[in-house]
Amino acid sequence: MSPKGKTARLLVGVLLPVLASITFSTCGGTGIDLAGGGVSGTGVSTGAIASFGRVEMNGVHYLTDNNTIKMSHGDDHSSELDRVVFRVGMVVTIHHDPNDNNAQQIDYQDNLQGPIAARNSNTLTVLGQTVVVDNAAVFNINEIVGVSGFVDSAGRIRATYIERNRQSHHHGGQFEVKGFVSGLSSSGFRLGPLPDETRTTVTVSYGTAAISGLPTGLDNGMYVQVVTADPQPVSGTITATSIEELTPRTVFPNNARVDLEGLVTAPPSGSGTIVSFAVEGKPVGTDNSTQFPVGNTVADIRTDMRVQVQGTENGGVLSAAKIIFR
């Protein structure tokens, strides 16, 4: 365990190995094996950082230089080195041109920051959310953590990176949890990591002051960050001191070439080679031209399987050109 007051970072990699296709290299250049689909628009790739340096894995590395914008928790850290701003295991979103791997902007937002309220053999409870880890025994009750990871079909966060004793300098003495709004009323709503209110959620109560930064107010389906002074839910509820709208990592500009890595949260439905399923709630569609690994077909897609979907955003649906099983 780390000394009191010090920050320790833990890569959680046994339950969910990190994505090997997001690797940072310094200097400009052109990579290969980008997301399939059309040639117009922009490129967006999202997944867990595998390593830093001039290393290429699974045919992809992302190149950074002095012009790359590096955002972490909403702060601009562009003047700092990649490995100072980011860590292996962090789930990030990289913006680039559709036909190259030159990173224009890298964005990192964790899933939540807060104290551990409960632990079992391989799960932690933080701000009403369940976090899956390799070994919960290495964490202490009330220890403050920042968690990054992928969401499974039950709405649990399968951690790929945990930063211990993490507390945002923006909100001294307060904590953060991000998710989708459902069941909205004038004084409260449910918040969950998937855009589906049937999954794991925590109830959030709020007043007028908490939504003062939202010009059009709250709405069901909105992805938000809730800041709270509550170290854990009281009778299943946390009280928001502020609420901010964010863009989830599964929302992309129309016609963007996309590389999305995550867990299958809704099983395939359809017939033959034309099916639809979801990755962290993001609708994905296949067709007769969708490529699979040798020996695999669309019939091999299973709930909670880790996949990498390369394709094109098409009106809210990611049209898959290639699916890689992780």
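Q: Helices (H or I, at least four residues) and strands (E, at least two) are DSSP runs, numbered from the N terminus; in which of these elements does Thr64 lie?

A: Thr64 belongs to strand 5, which spans residues 62-64. The structure is a predicted model, in which local features need pLDDT of at least 70 and side-chain atom pairs count only at pLDDT 80 or more, while totals for chains, interfaces and linings use all residues. Residues are numbered from 1 along each chain as its sequence is written, and side-chain values use heavy atoms, with hydrogens and water left out.

Q: How many helices and strands does the protein have?

A: The protein has one helix and 24 strands.

Q: Why is Thr64 called buried?

A: The relative accessible area of Thr64 is 3%. A residue is buried under 20%, exposed over 50% and partly exposed in between (1.4 Å probe, protein chains only). Thr64 is therefore classed as buried. Across the 326 residues of the protein, 50% count as buried.

Q: What makes the link between Thr64 and Asp82 a polar contact?

A: The side chains of Thr64 and Asp82 are joined at 2.7 Å. A polar contact is a pair of N or O atoms within 3.5 Å; within protein, one must be able to donate a hydrogen and the other to accept it, and residues adjacent in sequence count only if both atoms are side-chain atoms. The Thr64–Asp82 pair therefore counts as a polar contact.

Q: Where does Tyr108 lie, and what makes it buried?

A: Tyr108 is part of strand 9 (residues 103-108). Tyr108 has a relative accessible area of 3% and so counts as buried.

Q: Which residues does Tyr108 contact beyond its neighbours within four places in sequence?

A: Contact means heavy atoms within 4.5 Å. On that basis, the partners of Tyr108, leaving aside neighbours within four places in sequence, include Met71, His73, Phe86, Val91 and Tyr161. Tyr108 and Val91 are 17 residues apart in sequence, and their C-alpha atoms are 6.8 Å apart in space. For the protein as a whole, residues 24 or more positions apart account for 66% of the contacts with a separation of 6 or more.

Q: What makes Asn142 exposed?

A: Asn142 is called exposed because its relative accessibility is 55%. It lies in the loop between strand 12 (129-132) and strand 13. Phi of Asn142 is near 75 degrees, again a positive value in a residue other than glycine.

Q: Why is Asp287 called partly exposed, and with which side chain does it make a polar contact?

A: At 35% relative accessibility, Asp287 counts as partly exposed. It is found in the loop between strand 22 and strand 23. The side chains of Asp287 and Ser289 form a polar contact of 2.8 Å. Leaving aside neighbours within four places in sequence, Asp287 is in contact with Thr273 and Ile274.

Q: Why is the aromatic pair of Phe292 and Phe325 called tilted?

A: Rings of Phe, Tyr and Trp (its six-membered ring) pair if their centres lie within 6.5 Å; planes under 30 degrees apart count as stacked, over 60 as edge-to-face and the rest as tilted. By this rule there are three aromatic pairs. In one of them, Phe292 and Phe325 are 6.3 Å apart centre to centre, with 45 degrees between the planes, and the pair is tilted. The pair links distant parts of the chain, 33 residues apart: Phe292 is in the loop between strand 22 (282-285) and strand 23 (306-314), and Phe325 is in strand 24 (residues 317-325). Phe292 is partly exposed, at 22% relative accessibility.

Q: How do you know that Val226 is buried?

A: Val226 shows 0% relative accessibility and so counts as buried. It lies in strand 18 (residues 223-228). Not counting residues up to four places away in sequence, Val226 touches, among others, Phe175, Val177, Leu191, Val204 and Ile238. The C-alpha atoms of Val226 and Thr241 are separated by 7.6 Å, although the two are 15 residues apart along the chain.
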